[in-house]
Amino acid sequence: MAKYKLRVNGKARTVDASDADKPLLYVLRGLGLTATKDGCGLGQCGACTVIINGSAAPSCQVTIANAQGKSVTTLEGLGSAARPHPIQAAFIEEQVPQCGYCTSGIIMSAAALLAKTPKPSEDEVRAALDGNLCRCGIHVRVVRAVMAAAGQRGLP
Amino acid sequence: MNAPIKHRFSRRALLKGGALTVAFALTGLRTASAQGAAVASRILDNKQVDAFLAVNSDGTVTLYCGKVDLGQGLRIAIPQIAAEELGIGIDKIKYVEGDTALTPDQGRTSGSSGIQRGGVQIRQAAATARKALIELAAQRLNKPAGDLVAADGEVRPRAGGAGIKFAELVGGKHFDLKLDPKPLLKDPASYTIVGKPLRRPDVPGKCFGTATYVQDFTVPGVQHGRVIRPPAMGATLVSVDEDSIKKFPGVKVVRIKDFLAVVGADEWTTERAARALRAQWSDWAGLPVQEKLAETLRATPGVTEQSIVSKGTAAAPRQTPRRWAPHISGRCRATLRSVLPARWRMCVLMQQRSGRLRRACTTTR
């Protein structure tokens, strides 16, 4: 078992993995951080999106070896009911999720966008969330909530 | 997934242990009410009012809904419907959903039937219960039932004056009442709860990652499986080289005729074994040639030459006659499935079911 060191939600973690190619997604969920969801396993749906060193990435496509030494933020580390991230607060205000399976990934992608582009245009929001699929069809509310979280007027 | 969330105690053990009214949500178990719980035995017969609701002695009402909330909002909509029809504040409603030991069989949760079937049943149960509560109060108050109204969890004279709380009337007891499928319903014009955009209780958990999905739930000794698909449709499994996954500890091959899978305790190890497993599949040449796709589809029996142009107009398309029903033959269906991108296949299947594809095929010619 090789040991890998990384920071998860601000905490230093050392994880054992018998295989360097083990997806970060499985490592995170194995740590009990189950907000990050396993969708397609192919990097095509965005359900497993986390923030790695400031950028949104599908955790099913990042190996534990690649995550070594990096700082990973999951939905659990973004905010809490007591101290919600503006995106989380806006998602609740706009009642965004339906089944919610894609929500974690969408919030992480949106949070990464706002960290880099605090006042995005609607087109920029749509582009940033292009890799996040939603089968329930919540897209319009997502854009509205992200715009609201950025302090901008969203869709009417 | 190796998620470490484990069920902390057994629901059935809890029920046996004396917790009487129990709310079960995906987030786990919690007793709905310690002192208010009063229904000792659940009645599950969906022809009975008691199957759907119980008036607790603490003034709350527990709803039992056989439909489940998958994000469509039943957890707020059903309580709204019942609270409205019963005449009680929605804050007094406790909600139990989708538990075969506690909730009546309301059929599957699909096809937009949650409200239009499930909600309607609960509304009928609540209306039947309201009538019973008013009649009980009429006896106690010595007033005609028509002079009484159920509101705020009590039955009181329409003209004003002291009422009797639901809990005092039936708290903790069964109604023992058949559900009236055609009860006298409240006039929608008088609604104060239904129609209000109340917040869904499941949303915060989904935004903070605390909602537990079935994928996040595990039991001791859980095994993970991966199915190995054949390279072509129609291919049969010729042989499997079990030695090819020897290096993955604890992973076993499952073979049932042409079905092939691997099962193991560790998910990632199982997934790697699925990729490494060597299996030989037969050839199958039943697929159409890609370049001749249009011709193949046209030549496939079952795709009719009829169109809305020949049968009607775009503005007034003719009604599809009954004899058009089996339009897509098995072969055509197989062809469509095999040539469409994976993401479209589901649409094809769904549209076939809804009849949309039938129309599409008959109208695009």
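Predicted model: local features only at pLDDT ≥ 70, side-chain atom pairs only at ≥ 80, totals over all residues.
Student: What makes helix 2 of chain B enclosed by the rest of the structure?

Tutor: A residue is buried if 20 or more other C-beta atoms lie within 10 Å of its own. In helix 2 of chain B, 11 of the 13 residues are buried, so this helix is largely enclosed by the rest of the structure.

Student: Which residues of helix 2 of chain B are buried, and what do they pack against?

Tutor: The buried residues include B:L74, B:I76, B:P79 and B:E84. The buried residues of helix 2 pack against strand 3 (53–55), strand 4 (61–65), strand 5 (93–97), helix 3 (113–141) and strand 6 (148–151) of chain B.

Student: How do you know that the span of helix 2 of chain B agrees with its 13 residues?

Tutor: The expected span is 1.5 Å times one less than the number of residues. For the 13 residues of helix 2 (residues 74–86) of chain B that should be 18 Å, and the end C-alpha atoms are 17 Å apart, which agrees. After this helix comes B:G87, with a positive phi near 90 degrees.

Student: Why are helix 2 of chain B and helix 3 of chain B called roughly parallel?

Tutor: Two packed helices are described by the angle between their axes and the distance between the axes. The axes of helix 2 and helix 3 of chain B cross at roughly 30 degrees and come within 8 Å. Angles under 35 degrees count as roughly parallel, and these two helices of chain B are therefore roughly parallel to each other. The crossing of helix 2 and helix 3 of chain B is right-handed.

Student: Which residues make the contact of helix 2 of chain B with helix 3 of chain B?

Tutor: Helix 2 of chain B gives B:L74, B:A77, B:I78, B:I81, B:A82, B:E85 and B:L86. Among those from helix 3 of chain B are B:G118, B:I122, B:R123 and B:A126. By class, the contact of these two helices has 11 nonpolar, three polar and three charged residues.

Student: Why is helix 4 of chain A called oblique to helix 5 of chain A?

Tutor: Helix 4 (residues 86–93) and helix 5 (residues 103–116) of chain A pack at an angle of about 130 degrees, with their axes 9 Å apart. That makes helix 4 of chain A oblique to helix 5 of chain A, because roughly perpendicular runs from 65 to 115 degrees and roughly antiparallel begins over 145. The crossing of helix 4 and helix 5 of chain A is right-handed. A:I87, A:Q88 and A:F91 of helix 4 meet A:I107, A:A110, A:A111 and A:L114 of helix 5 in this contact. Its residues are six nonpolar, one polar and no charged.

Student: What makes helix 4 of chain A and helix 7 of chain A oblique to each other?

Tutor: The axes of helix 4 and helix 7 (residues 139–149) of chain A cross at roughly 130 degrees and come within 8 Å. These helices of chain A are therefore oblique to each other. Helix 4 of chain A passes helix 7 of chain A in a right-handed crossing. The contact is made by A:P86, A:I87, A:A90, A:F91 and A:E93 of helix 4 and A:A145, A:V146, A:A148 and A:A149 of helix 7. By class there are eight nonpolar, no polar and one charged.

Student: What is the phi of B:N142, and how do you know whether B:N142 is buried or exposed?

Tutor: Most residues other than glycine have a negative phi. B:N142 is not a glycine, yet its phi is positive, about 55 degrees. B:N142 lies in the loop between helix 3 and strand 6 of chain B. A residue with 12 or fewer other C-beta atoms within 10 Å is exposed; B:N142 has 7, so B:N142 is exposed.

Student: Where is B:K257, and is B:K257 buried or exposed?

Tutor: B:K257 is in the loop between strand 11 (252–256) and strand 12 (259–264) of chain B. Its phi is near 50 degrees, a positive value in a residue other than glycine. With 7 other C-beta atoms within 10 Å, B:K257 is exposed.

Key:
Residues numbered from 1 in each chain as written. Chains lettered and ligands numbered in written order. Axes fitted to C-alpha atoms, helices over the stretch in contact; angles between N-to-C directions. Helix = DSSP H or I, 4+ residues; strand = E, 2+ residues; numbered from the N terminus. Left-handed = near helix turned anticlockwise from the far one by under 90°. Contact = placed C-beta atoms within 7 Å. Nonpolar A, V, L, I, M, F, W, Y, C, P; charged D, E, K, R; others polar.
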